[in-house]
Amino acid sequence: MSIPANLDSANLLSEAAYGCEHLAAVLKNDPTAGQFKSGFRKHYESLAPYTKPEAAAVQTTGLRTVASLKPKYHCLTCSEVCLNTERKAHTKKMGHVFYMESRNRYVFCEGCVDFVYDHGLERLCGPAARYERAEGKGKWVDDSASEIYVKNNAYKNPCSRRGARGVWNMGQTCYQSAILQALLHDPTLNAYFLAGGHDVHTCKRSFCMACATAEVFMDFNSGEKTDAISAATLLYHGWDASREMAGYRQQDAHEYFQFLVNSLHTCTPGHSESYDTKCQCFFHQTFYGELRSSVMCHKCGKTTHTYDPMADLSLDVQLQNKKRKLGRSTSSNAGTLISCLDSFTAVEDLHADAAYHCEKCGNTPQRASKRLQIRKLPAMLCMQLKRYEHNSASSEKMNCHIDFPVTLNMLPYTVKKDKERVDTSKYIYDLSTVIVHEGSMDSGHYFAFTRLPGDKWVLMDDNKVTVASLADVLRQDAYLLFYSIRSISPQNGQA
């Protein structure tokens, strides 16, 4: 029986009309609905929450009382009691579909071959339900006063249920906290780790980063806790895997994202490290795309292509800032994400005389132009806005605003030739997380704005969680932007 992972989906489930289509067929019909509800309430009250010791025939000693090791299924139509192996035969013979499991009193639908949850039936089990007869007809109704009391006095835990839980800072580890918030709210990653995509019980790898990440996902989605989670195991495993990441010193969030993604890829059984072999592992499909670099000789027109994997896009935001300083731009800000992507995929002349040797021209140096385009897009697209400039004299961080959209069409930056005939919807990405660095080059603090189900935004500042608006998010001086693809397709961006 599936359990909703957040409060929004729990509300949708609890407010659904019926538990399944088979229940709907019964409960939509007034005559049968009343009989079914009465039978359901009768069985619910007769069965204890847990099975009492039952009589079992033992050949050596005769009849004695033992605790039943297997649950029984009580037919809600004829009161026949079946074991798990007998239920299917009873349904086939009698046509009865619904059963109540003896230990927990869950409803089992043989048509679905699964336990089902129906909000209306659940309400019949509480003290607020009663049966009324009027004009010769009876129906189950709710005691409105009791229900109002329950609603007003029920304790809710929206923090853990909504997934809005912080991550403890263990000593300048805000870079890790911010990156984890971007990953923990991705539905694809949640489905992978919570469904046992990486089996922590059979994994034999020492200091496995995937096992440590799975532990974080399970802790994060635990409904029993309300406070922030600890990612200590993941942190220490990272120290063991990389000397550069070890120690309580400030790290770059972008570098940690690259390190973590590569570590998860490496920990996956059957992954491929060869560029000649396409890796089909889950993490490669989720995080890695592919860039195509095209160089064209100006003399003969020959174009050569090379392909490289990409885990993110690093976009230059310095160009318009330099133009503004030189008086070549009247813009009051450094530009937009769209202009950065346009510059990233624009044709660039290779000015150096010996920059390119054309084979068709006898391997002689020729003037040429180069262009980068995306050949394959990942499901989760990370973009770094390069705010740091290093030269021989000094290093500088550019604090300026870059406009970024909530919805992004990546089709113009791919290698698709006939873009007019392409299904544009497969290239649409939605903003999911914005990571901000506050401070100088040498010191500072990372925090993240993350989108929750229902397009609600929260500010994740280590263990502190604050409700935010979309306007709050869009005015940030972003350092890392995470976009999630709206429609998953195995051939997104593939030429």
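**Close-ups of a predicted model**

**View 1. Ser177 and what it touches.** Leaving aside residues up to four places away in sequence, Ser177 touches Val167, Trp168 and Asp462; a contact here means heavy atoms within 4.5 Å. Ser177 sits in helix H8. Helices (H or I, at least four residues) and strands (E, at least two) are DSSP runs, numbered from the N terminus. With a relative accessibility of 3%, Ser177 counts as buried. The cut-offs are under 20% relative accessible area for buried, over 50% for exposed and partly exposed in between, with a 1.4 Å probe and protein chains only.

Before the next views, some housekeeping: this is a predicted model, with local features needing pLDDT of at least 70 and side-chain atom pairs counting only at pLDDT 80 or more, while totals for chains, interfaces and linings use all residues. Residues are numbered from 1 along each chain as its sequence is written, and side-chain values use heavy atoms, with hydrogens and water left out.

**View 2. The whole protein, for orientation.** The protein has 16 helices and 25 strands. Of its 495 residues, 42% count as buried. Take the contacts between residues at least 6 apart in sequence: 63% of them join residues at least 24 apart. The accessible surface comes to about 27,000 Å², and carbon and sulfur atoms own 51% of that. Those areas come from the Shrake-Rupley method with a 1.4 Å probe; for residues, only the protein chains shown count as cover.

**View 3. Helix H8 against helix H10.** Two packed helices are described by the angle between their axes and the distance between the axes. For H8 (residues 174–184) and H10 (residues 209–220), the axes come within 11 Å and cross at roughly 70°. Axes are lines fitted to C-alpha atoms, for helices over the stretch in contact, and angles run from 0 to 180 degrees between N-to-C directions. H8 and H10 are therefore roughly perpendicular to each other; that label covers 65 to 115 degrees, with under 35 roughly parallel, over 145 roughly antiparallel and the rest oblique. H8 brings Leu180, Gln181, Leu183 and Leu184 to the contact, and H10 brings Val216, Phe217 and Phe220. By type, the residues of this contact of H8 with H10 are six nonpolar, one polar and no charged. Nonpolar here means Ala, Val, Leu, Ile, Met, Phe, Trp, Tyr, Cys and Pro, charged means Asp, Glu, Lys and Arg, and the others, Gly among them, are polar.

**View 4. Helix H9 on H10.** The axes of H9 (residues 187–194) and H10 come within 9 Å and cross at roughly 105°. That makes H9 and H10 roughly perpendicular to each other. Leu189, Asn190, Phe193 and Leu194 of H9 make the contact with Ala210, Thr213, Ala214, Phe217 and Met218 of H10. The tally for H9 with H10 is seven nonpolar, two polar and no charged.

**View 5. H10 meets helix H12.** The axes of H10 and H12 (residues 253–266) come within 8 Å, crossing at roughly 110°, and so H10 and H12 are roughly perpendicular to each other. From H10, Met209, Ala210 and Thr213 meet Phe259, Leu260, Ser263 and Leu264 in H12. The contact of H10 with H12 splits into five nonpolar, two polar and no charged.

View 6. Side chains of opposite charge can pair when their charged atoms come close. Searching the whole structure turns up eight salt bridges, each a side-chain nitrogen of Lys or Arg within 4 Å of a carboxyl oxygen of Asp or Glu. In this one, the side chains of Glu290 and Arg375 meet at 2.7 Å, N to O. The pair links distant parts of the chain, 85 residues apart: Glu290 is in strand E10 (residues 289–297) and Arg375 in strand E16 (residues 368–376). Arg375 is buried, at a relative accessible area of 18%.

View 7. The closest N and O atoms of the salt bridge between Arg486 and Asp430 are 2.6 Å apart. Arg486 lies in the segment after strand E25 (478–485) and Asp430 in strand E21 (residues 428–439), so the pair ties together parts 56 residues apart in sequence. Asp430 is buried, with a relative accessible area of 16%. Ser484, in strand E25, is buried at 14%. Residues up to four places away in sequence aside, Ser484 touches Asp186, Ala379, Ile428, Tyr429, Asp430 and Ser432.

**View 8. Salt bridge between Asp455 and Arg451.** For this pair the closest N and O atoms are 3.6 Å apart. Asp455 is exposed, with a relative accessible area of 57%, while Arg451 counts as partly exposed at 24% relative accessibility.
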